[in-house]
Amino acid sequence: MRMSNALIPTLRDNPADADTVSAQLLLRAGFIRKSAAGLYHYLPLGKRVLSKIETIVREEMDAFGGQELLMPIVQSADLWLQTGRWHAYGPEMFKVTDRHDRQFCLGPTHEELITDLVHSEVNSYRQLPLRLYQIQNKYRDEKRPRFGLIRSREFIMKDLYSFDRDPEGLDKAYWDMYQAYTNVFSRCGLKFRPIEADGGAIGDSQTHEFTALAEIGENTVVYCDHCGYAANIEIAPCPAPAPKSGEEAELALEKVYTPDSKTIEAVSAFLHVPADKTIKTLFFQADEELICVLVRGDREVNDVKVQRVHPCLALEMAEEDAVNKIVNGGFGSLGPVGLGNVKIYADLEVEQMTNLVCGANEAEYHYINVNPGRDFQVTGYYDLRMMTQEDPCPKCGQKTDSARGIEVGQVFKLGTKYSEALGATYLDENGKEQVMHMGCYGIGVSRTMAAAVEQYNDENGIVWPKSIAPYHVVIVPISAKDANQMAIAEQLYADLQKRGIEVMLDDRNERPGVKFKDADLIGYPIRVTVGKKAVEEQVVEYKLRTEADNEVVAVSDVVEKVVAYIFS
Ligand code: ATP
Ligand code: MG
């Protein structure tokens, strides 16, 4: 490709609403353009990177027995009603109505469609196992589209679905995909970790998230370098607390005036008690119901754990207005004493506390000397808090570490949830009808592109891993007007392409500084500069994007050098 013909609209400054490095750089370097919130154009450079990632994904899916197909994006409501997800999926689903008033959605995922297809086309054990996949746009009306391609409303996903005769077959499919995903993300050059994750509403289903390590990631990964344990903090279990010693006698409950003390910090400062002698009282809206959750004052609630003990479709922090219908004190003085019929779920640590401090459900008042069991009753005590750095590894007891990460893929055992709902059965060797065992496996292709930029950049721009770079090398003639320089550049351009190298020739009539800046911003792995010395001494400058310095290389050697680097 010649730069003079290319649509690569680079920008001098960061667009105002680009909220992450990857969004800024992909926009500035001319890979993407925003069309509307969470909706992006992939410009020619961006499309090339996507295609590279897709090729890697295809090769790995095919290597593990995947067969590619393509299903409709527009899906009839009927199947979703059968699995109960038409309503359960919630406001993230883009719903559309056709001219006959029939309802459809733009597929956020394809379990319903593929299961229905397999139900229609597969009926014998001889046709199993099957691994079917597609690479396609998905639609989710995210509450907060952000981070450019990382949380968009239209995005590209590879989704594979496995169909097996029995749980053993599913287990094999699961671990095959786990390996395929490891290969995909390694080949894309990402720094990542597969982590144990939340099986969600489907119960204790086995699942791993593949997480690209990055500070802006929305996931917290807890890992242990001693035993290899790695999990999403959402599911990391906290140890049971030590039972109370009984040394501290229970004192009489007392209501005290606590002006301007609306936070745990303020209350503990005002009353001179440590935060671990207070409790945090939080209200959640669990579908239609308001529930109360208690953790020690210095702890954070883990809402995935809450949703496990109180299954519901949507769990969100309650609005103050809703809470005020039950208690009158407002958010700064909530507590579990005298809550009536509200379900109270308390963390295991709360049960072991004596003479604690909590809000009195009356503005500016708190209780002191509160004792669980005596002063309030709970629906149950469970592990409901977020793990911390002080908590030991749940597997080996050693110290853990944590990191932030972006979920780029997920493998998930579905079991028979969808096959039962949609009748995906087969006849076994004895002519007996059996339900298929399914798994689903997603990779965010467009998110992977952004995650790579999040990991590989410097102050000058993107530093693409060579496997997914839009071009391998850029040739920069110092002066496009110099016919001799251009002749050498053109010859290299042709010779490199003959060897399978993807080349951009920056033939623009621009100052060298401008071309170098663009080359760095775009992030080509190699830059070859053709200047005066190319004409006079037959040498060019060879520079890797990852290195600060360049090397002087004979014109006659440069093709081999590029080929060796790119294909090594
Ligand atoms: P998240 O928890 O980030 O919302 P998810 O668990 O809902 O993601 P899956 O249903 O597992 O996502 O989808 C498979 C993959 O699709 C994810 O691992 C992720 O890489 C990608 N993905 C999901 N939602 C988005 C989005 N809004 N924008 C871009 N990629 C996405
Ligand atoms: Mg997921």
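Tutor: A residue is near a molecule if one of its heavy atoms lies within 4 Å of it. The model is a predicted one, and in it 14 residues are around ligand 1, of which Arg140, Glu142, Arg151, Ser152 and Glu407 come nearest.

Student: How much of the accessible area of ligand 1 does the protein cover?
Tutor: Taken on its own, ligand 1 has 580 Å² of accessible area, and the protein covers 80% of this. By residue class, the shell divides into 5 nonpolar, 4 polar and 5 charged.

Student: Why is Ser152 called buried?
Tutor: Buried means under 20% relative accessible area, and Ser152 has 3% relative accessibility, so the label applies. Ser152 sits in the loop between strand 7 (130-139) and strand 8, where its side chain reaches the backbone oxygen of Glu154 at 3.1 Å. Leaving aside residues up to four places away in sequence, Ser152 touches Gly38, Tyr40, Arg140 and Glu142.

Student: Why is Asp260 called exposed, and why is Asn369 called buried?
Tutor: Exposed requires over 50% relative accessible area; Asp260 has 69% relative accessibility and therefore counts as exposed. Asn369 has a relative accessible area of 12%, which is under 20%, so Asn369 is buried. Asp260 lies in the loop between strand 13 (254-257) and helix 7 (264-271), while Asn369 belongs to strand 19 (residues 365-370). Each is a residue other than glycine with a positive phi, near 55 degrees for Asp260 and near 60 degrees for Asn369.

Student: How do you know that the peptide bond between Leu128 and Pro129 is cis?
Tutor: The omega value of the bond joining Leu128 and Pro129 is about 0 degrees, and the bond is a cis one. Pro129 is in the loop between helix 5 (111-121) and strand 7.

Student: Which residues of helix 14 are buried, and what do they pack against?
Tutor: In helix 14 (residues 512-522), the buried residues are Lys515, Asp518, Ala519, Asp520, Leu521 and Ile522. They pack against several elements, among them helix 1 (21-28), helix 2 (44-63) and strand 29 (526-530). Just after helix 14, Gly523 adopts a positive phi of about 90 degrees.

Student: What is the overall arrangement of the protein into domains?
Tutor: The protein is divided into domain 1 (37-232 + 402-453), domain 2 (254-382) and domain 3 (462-566), and the C-alpha centres of domain 2 and domain 3 lie 64 Å apart. The secondary structure comes to 16 helices and 31 strands, and of the 568 residues, 52% are buried.

Technical notes
Residues numbered from 1 in each chain as written. Chains lettered and ligands numbered in written order. Predicted model: local features only at pLDDT ≥ 70, side-chain atom pairs only at ≥ 80, totals over all residues. Heavy atoms only, no water. Buried < 20%, exposed > 50% of the residue type's maximum accessible area, 1.4 Å probe, protein only. Helix = DSSP H or I, 4+ residues; strand = E, 2+ residues; numbered from the N terminus. Contact = heavy atoms within 4.5 Å. Domains from an automatic or database assignment. Areas by Shrake-Rupley, 256 points an atom, 1.4 Å probe, with all protein chains shown as cover. Nonpolar A, V, L, I, M, F, W, Y, C, P; charged D, E, K, R; others polar. Polar contact = N/O pair within 3.5 Å; in protein donor to acceptor, adjacent residues only side chain to side chain.
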